[in-house]
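Let's take a friendly walk through a protein model together. Have a look at the picture, and then read on.

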Amino acid sequence: MIFERGSPGRTSFFWPERREAPAEIPSRLLRREIPGFPEVGELEVMRHYTTLSQRNYAIERQFYPLGSCTMKYNPRLNEAVARLPGFAQLHPLAPAELIQGALELMHELESMLAEISGMDAVTLQPAAGAQGELTGLMIIRAYLSQKGNPRKKVIVPDTAHGTNPASSTLCGYDVLQIGSNERGMIEPGELERLMTEEAAALMITNPNTLGIFDENIQKIATVVHAKGGLVYLDGANMNALMGIAKPGDMGVDVLHINLHKTFSTPHGGGGPGAGPVAVKETLAEFLPVPRVVKTETGFSLDEDLPLSVGRVRSFFGNFGILVRAYAYIISLGADGLEDVSRTALLNANYLRKRLEGHFHLAYSEPCMHECVFTDRLQQKYGVHTLDIAKRLLDYGFHPPTVYFPLVVAGALMIEPTETETRETLDAFAEAMIAIAREAKENPELVKNAPYTTPVRRLDEARAARRPVLRWEEPRRDGDERQEGKA
Amino acid sequence: MRYTPHTEADRRQMLDAIGLSAIEEVFAHVPEELRARARIRLAEGLSEVQVKKRLSALAARNATPGEWSFFLGAGIYHHFIPSTVDAIISRGEFATSYTPYQPEVSQGTLQAIYEFQTLWCQLTGMEVANAGLYDGASAAAEAVLMARRVQQGRRRIVLSRALHPQYRSVISTYLKNLPGVELIEAGFDETGASDAEALARAVDDRTICVVVGYPNFFGVIEDLAPVQELCSRHGSLLIAVTTEALSLGLLKPPGEWGADIAAGEGQSLGVPMSLGGPGYGFFACRKKFLRSMPGRVVGETVDSEGRRGFVLTLSTREQHIRREKATSNICTNQNLCGLASTVFMATLGKSGLRRLAEINAAVAHETCARLVREAGLTRLFAGPFFNEFVLRVDDLEQRLSRLRADKIIAGLPLARWYPELRDSLLVCVTEMNEREEIEQLVKSLTRR
């Protein structure tokens, strides 16, 4: 812990000039020193955080088959260009004529994303997928309100990411859940029953979180449109679609795209990402402000859109992430992007084939970029999905996404992405198969895993029951909180 | 292909193993008319050298500090970033890891977040902090949403007009579709602080919360004592929103003023300006609101051998568990920017952070005094400020364009956001503005 290192008075800040706080600021507005704040040297800082980094799993260390997360390689080239001073040191309130390169990049990225997704207009402002969802739903709401009635509900499949219903609530809608049929798809008949003039939209993920492409998508869109609703596509699984099918052709009216998934920007341990929203022409006037527009002499910013939903974030969104995604798209070009999706499908189907028989496959439908297994074959030995996940850590692999989607009991959701070699996929498959064997022959071994990680299974119940969310200076008198500290 | 490593032989063997002759067979069930239209019409791929050239050409068409003199703040600040910061956040172990859902192999990220939460508690004087949100504006909006959750039955939300205009926009966007909410703005006085009488008129017993900038959009350090008193008289929550996080190295923290929530933008502390993003939103509050908080939280626990370890906790608030009943829809946040700030704060440390804040306040005051004395300009507001201040400048647009010819961006004209503040310029001076730049600014603004 950085707070447990160092010594009072130590600092690694060096600035020759020493200045006092101006007398014009009344002393009652000033703080005393910050109790407990770090006092360490620069080498201590580097050692501390380098050591912490070594306690992390990462895509640059090993395979990361997290379903619906698209943990592909994050090209170092993109990191290098995002750090160019002409991008990293831009002030967002500089006059438009001084940020022409940035505006051109954004304008071009918007049209590239529109082309890839088959949509007409794009906003780059949302900071992440969930903010993109909220923005997209606000656009739908604004559009329907203008037509006279914002409506009351949003229909969300039971396989959807949790952000879908959460975003619907935040947009003032009630959530109406629709179940999946035995093939993991939406039943058009069931949708026809639920889709009334109370429903503003259907939020659909396609391919869905089972890795299944809903081949009825056009029929589904027709049902929604017939009742005056709109179709929202969660683009989290866009990595399966490039060059294979465009959402814009499926009847989708609004979608968001996770640049930190399909377009390779690094996850950073949980962000920053970016969640651009693409819409059909009829919805373009509802997009957030400002919009980047091309003029005769260059690019400018348009704040004056009376029907816009407004602003969802300050300035222009996560610009640094946009630079990375732009670099990725122009690096790969059309052929490269199409190859991405085809290879992602190849890898997922290869793993599916290799694991079939060793683990229970949740659905027999062909899979796209990810596939879902379960722990059904291992349950009879008392081994569950969580145990399999933890045992994988001992084999040096990050587990798949577990217990999601919620409709599959004990789900193990595997998305290998296109950037892995066949050797890596084989090694992962062999580890999984070895664990299936261990579950049968020595279940206790699996149930007590992991053994080789920096820490072993953590007591999550204790963390939630007695939340300790910050470091505090140890008390001298045998504070009970100290008991666990080694 | 770039980044897809398979050889032709690999592909062949894999297809054979699956029992296919071409990968297209896997998606044969995708309707024909979709497949037929799916080709992407974009240029061919570029080499690394070509990509760098293209991006460098775009970057070269943007003005950066160094080449230009910038006196712009207003929510994004140009500050010193020690080299330790990029060295750590560039490490693949941090940059290319996922959200720490498997704690046994994510202790690096988890402990760093725990330290981040602690640092923000210390800096704001609050009891608990989360792992961060998207940006200052959405953090302010989330603060208002949380206040609404814990103050059920009330409906009014009062925003100071001296709060950052984009923050007010985002709050209004977030609230627009929620029932039973009334958004009211209260003006500012001649000191540039929120007008006490306007606030008193606006706040009643049905008021959920009052949101004020600290320092506010005009750079003014508001005395929060009267606002706090007003809030507690009506049972309303006080939300203090900070856009210039470095100021908290010097100013009395929101917690000591009795604020219930402190939120804002963390970019100042170790994150490059990058056209305003990515930075991150910070969010801290009273412990009693813990279970209503938005966003991820890391907690301390022990492993099966009793060793200290960290996990994501209290996730029953979050969307992946609670779905439509979650406290927020946020999932991905801005974690790596939070790590940048953690390393920044650790490197500067207790005394360094204060000294950097003092330098900012000192150079800004000195520049302001010279602009008044030597250039004959007047300060629009009398209130105390940190590193930003508002000047009255006659013929503002004309003079700004003349300064631009000398590669000086003297500040932000306020009329765009405050039509009543014509000929007013918000000027920000930080430790990165060199002496010569300041000389030049004073000289250029002095009428000859």
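This is a predicted model: local features need pLDDT of at least 70, side-chain atom pairs count only at pLDDT 80 or more; totals for chains, interfaces and linings use all residues.

Residues are numbered from 1 along each chain as its sequence is written, and chains are lettered from A and ligands numbered from 1 in the order in which they are written.

Chain A holds 15 helices and 13 strands, which are DSSP runs numbered from the N terminus (helices: H or I, at least four residues; strands: E, at least two). Of its 486 residues, 58% are buried, meaning that 20 or more other C-beta atoms, placed from the backbone, lie within 10 Å of a residue's own.

Chain A also meets chain B: 171 residues of chain A are in contact with 157 residues of chain B. Contact here means C-beta atoms, placed from the backbone, within 7 Å. Helix α10 (residues 319-355) of chain A gives the largest share of chain A's side, 22 residues.

Now for two packed helices of chain A, α5 (residues 129-146) and α6 (residues 163-170). Their axes (lines fitted to C-alpha atoms over the stretch in contact, with angles from 0 to 180 degrees between N-to-C directions) are described here:

| Feature of α5(A) and α6(A) | Value |
|---|---|
| Angle between axes | about 45 degrees |
| Distance between axes | 9 Å |

Residues in this contact include A:Leu134 of α5(A) and A:Ser167 of α6(A).

Key
Two residues are in contact if their C-beta atoms, placed from the backbone, lie within 7 Å. A residue is buried if 20 or more other C-beta atoms lie within 10 Å of its own, exposed if 12 or fewer, and partly exposed in between; C-beta atoms are placed from the backbone.
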